[in-house]
Amino acid sequence: MSNHESTYVPKTAIERWLDTRLPIVRFGMDYANLPTPRNLNYWWTFGGILAICLMTQIISGIVLAMHYTPHIGLAFASVERIMRDVPGGWLIRYVHANGASMFFIAVYLHMLRGLYYGSYKAPREMIWIIGCVIFFLMIATAFLGYVLPWGQMSFWGAEVITNLIGAIPVVGEPILIWLRGGPAIDNATLNRFFSLHYLLPFVIAGCVVLHLWALHAAGQNNPVGILIPKDREKKDMLPFHPYFTVKDGFAIILFFILFAVFVFYNPNALGHADNYIPANPLQTPAHIVPEWYMLPFYAILRAVPDKFGGVVAMFAAIGILFVLPWIDRSSVRSMRYRPTMKIFFVIFLFVCFGLGWCGAQLPDAPVIPGMPSFTLLDGKLNSYLWLTRLFTLYYFAFLGPIMFFVGLKEKPLPIPASISEPVLKTEAEKA
Amino acid sequence: MSKEKKIVSFRKILVSAIAAAGIVAVASPALAAGGAKHPRDGGFSFEGPFGTFDQGQLQRGYKVYREVCASCHGMDHLHFRNLGDKHGPFWNPKYPNPNDNPVVKALAKELQVADIDSETGEALMRDATTADKFPNPYPNATAAAAANGGAAPPDLSVMAKARHDGANYIYSLLSGYVAPPKGLKMAPGQNYNPYMAGDLTPFWEGEGHAPPGGFIAMPAPLRAGQVSYDDGTEATVDQMSKDVAAFIMWASEPKMVERKQAGFGVLIFLILFAGITYASYRKIWKGVAH
Amino acid sequence: MAESVVNPEGPEGQNGGGEATRRDFIHIAAGAAAAGAGAMIAWPLINQMSPAADTLALASIEFDLSKVQEGQQVVIKWQGKPVFVRYRTPAELAKVTSEGAVGSPPQTDVERTKAGHEKYLVVVGSCTHLGCVPTFNAGDYGGWFCPCHGSHYDASGRIRKGPAPLNLVVPNYEYLSDTRVKIG
């Protein structure tokens, strides 16, 4: 696929003229004809869905910036003006706010797909690493954007998250003041957050180009996980268009149905009511939580009793993903053929949901109310604190030693010689 | 690959995990801080995917807001013209531009707003116009706090979205004042309300668990018959609470009806679009094993 | 066996005839629906730039004419633009009425004022050429002179010389009382 030959033949004089000067039509046609593994299932449609999510966020965001005022005294009112006075403004704002959640739903499924089918393994390490960079930038962008409406959650989220940087020994405090542009979150902070929130999506778009470049250099993975030899390309591959354009298109429409249900019928379900209270630097809400997509990382942060340690753990939770291709020692990509790993993967899924759940709870609250418990070190054993710690431990164990040792020891199931082989089998079973 | 193997596919794993997480999320009272009583259901007309505002109720609610709440609570994001907006309390299809609506004009004129003389720059009070914001009862937040024992009455523009289950919460809170249970240490200037968020354990000297609810600076604001409704509805505390909660819900989300109607069309379109695309997909993949 | 895996002729070219047209129809319908979706998405993105409800609500202002002295003008802001309210001297008034219909389009002074209030002229203070604000009591005709490209207006706001194509615009306004006007 890397050196897949161009089949485009310019027909008219204009096409020939353009092709020698700017081969943009050739580029597009080659893309459309790109040989794609025929067995890609619906989990592979999230790449296209994510591209649409990014476009939705950039376009709706540019529009919102036409009406938004990044000033502490005016930001909340300017958002309310968008909701009330700007023609169709309520729709655009709800699309942008819920679009962030949709983006994260898609990216998490995309990442889990990569994890399950071993899409991060050689020769696709760069695709995975750039993907991790994109994920990190998405978190940063989402956080910056959440500050802009200048509600209570905006303000206190910014306060708490910037304070994490203050946990760095020696240099933390000066960096914190530099980052905020003053001793506290104030107008200067809001202004720079707005500027950066506008900038980062374009950095993400640039990374997406690299992500795709790396994808086309190394070739697409597929559910069987084997590399497709050159001589089997004709049998095992299909041109991207129309086969996968229509498949991606169908998946995108289904995704938009979910999106529309949130935007039109439950636009505030994924947000927090406190963010409709204007920011008040003198009063913290009773219970502050980040947006749902940050909850697992927030839980890991709180699991560590030391402030700096918590910050390190939280960043390590993302950082470990970068080195995953070298931690996993298995020669088999797809977990379809890794029965032991599959069990650990299922547990990992539950742990990720569990971390998200714990992130929304008060750490001292009992997991099972009324159950007697004894105190272990700094907290009751029957508390979210200890449950979070248990989950955090598994999170790192799975992405570290479990990946490593299971990869070494596990005896995989027999792997088909080509991706057509299992396809034919299912066909035969159907017949 | 056998059928048994297929059963534990990635899809099955993920779907069951999401389902399990969903059950957990539904089964547990998420983020319920403190022990406030769960709001009672106001039976509002705007609930559900096809729910719309009851215009009569919104008009009554505006009256309650104007005559009772507005003496302490501002609604800074509302303009008088909003009262005549589509689906609003005084919407009249004869006046597509709410600034021309005579009822709205008259309601604006009843109130005075601060302005400056356009030549001399001196402060003056003039009749409000439809373009004016609802006047705030206090000149600034500090004055509002000072006049209310340190707790500034919150703005009500988006109150129904600023509280969980907003409309029902406002209705329950306003109509839910009861005498504080014996054994509750009350600080001066505080009132007890079982629907208010908070944790009364530190103030509880009675037996058993602390009562639900919390302290609220606002004393019970409504008395029966306080407002005389133009449509003859009896102004009970329950009725007034319900009406003003509906009004605040409209004020918080004035485009709600427009949103639901647009959503209905969009969903119908998307479902048809999905069907056509699926048919196209089936045609293209016909006879292609994968 | 291989046939069931690979479809060598691609999705379009298996059989001809009626089958092909029916197949084409569904693809065309899907494409049309996609185009429709694009248009549906484009509209709110375009429409959001139209004037917002708060901007539209500020369409009219009231002004007290007793604040203008004879021979002077007061500039007020209406819909973000300057409006000149000019109290003309008897000499200026005599001059502009005696000239009859001039300017572009030719207009008499009476057409540009309200009956009974001829001494007051209310015009939008932006030059009809490219929108600069003309200076008061300047130019060859004793009205306004636009500093940007040299248009001369008389004391009735009519264009007399220079590149401006039209007379200064008289906005919609009405007298609420003898001394109070409502513009817009």
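**Exercise 1. Find which cysteines of this predicted model form a disulfide, and work out the handedness of that bond.**

Step one is to search the chains for paired sulfur atoms, and the count over all chains comes to one disulfide. It joins C:Cys132 to C:Cys148, with an S to S distance of 2.0 Å.

Step two is to look at the torsion about the S-S bond of C:Cys132 and C:Cys148, which is about -95 degrees, so the disulfide is left-handed.

C:Cys132 sits in the loop between strand 4 (120-124) and strand 5 (135-136), while C:Cys148 sits in the loop between strand 6 (142-145) and strand 7 (152-154), so the bond ties together parts that are 16 residues apart in sequence. C:Cys148 has 37% relative accessibility and therefore counts as partly exposed.

**Exercise 2. Decide whether B:Cys69 and C:Cys127 are buried or exposed, and explain why neither is counted in a disulfide.**

For B:Cys69, the nearest cysteine sulfur belongs to B:Cys72 and is 9.1 Å away. Because a disulfide requires sulfur atoms within 2.5 Å, B:Cys69 is in no disulfide. The relative accessible area of B:Cys69 is 14%, and this residue is therefore buried, the limit being under 20%.

For C:Cys127, the nearest cysteine sulfur is that of C:Cys146, at 3.8 Å, and C:Cys127 is likewise in no disulfide. With a relative accessible area of 5%, C:Cys127 is also buried.

**Exercise 3. Describe the contact between chain A and chain B, starting with its extent and ending with its residues.**

Begin with the extent: 57 residues from chain A and 56 residues from chain B take part. Together the two chains bury about 5000 Å², of which 74% is on carbon and sulfur atoms. On the side of chain A, the residues that lose the most area to chain B are A:Arg84, A:Phe264 and A:Tyr265, together 16% of what that side buries.

Next, count the polar links. Eleven residue pairs are in polar contact between chain A and chain B, both residues being at pLDDT 80 or more, and the count of salt bridges is one. That salt bridge is formed by A:Asp85 with B:Arg81, whose closest N and O atoms are 2.9 Å apart.

Finally, ask which elements of chain A supply the surface that touches chain B. Helices 4, 5, 11, 15 and 17 each supply at least two residues, and the largest share, 16 residues, comes from helix 11. The residues on this side of chain A divide into 41 nonpolar, four polar and twelve charged.

Terms used: Residues are numbered from 1 along each chain as its sequence is written. Chains are lettered from A and ligands numbered from 1 in the order in which they are written. This is a predicted model: local features need pLDDT of at least 70, side-chain atom pairs count only at pLDDT 80 or more; totals for chains, interfaces and linings use all residues. Side-chain values use heavy atoms; hydrogens and water are left out. Contact means heavy atoms within 4.5 Å. Buried area is the accessible area (1.4 Å probe) that two parts lose on being put together, summed over both. A salt bridge is a side-chain nitrogen of Lys or Arg within 4 Å of a carboxyl oxygen of Asp or Glu. A polar contact is a pair of N or O atoms within 3.5 Å; within protein, one must be able to donate a hydrogen and the other to accept it, and residues adjacent in sequence count only if both atoms are side-chain atoms. Helices (H or I, at least four residues) and strands (E, at least two) are DSSP runs, numbered from the N terminus. Ala, Val, Leu, Ile, Met, Phe, Trp, Tyr, Cys and Pro count as nonpolar, Asp, Glu, Lys and Arg as charged, and the others, Gly among them, as polar. Buried means under 20% relative accessible area, exposed over 50%, partly exposed in between (1.4 Å probe, protein chains only).
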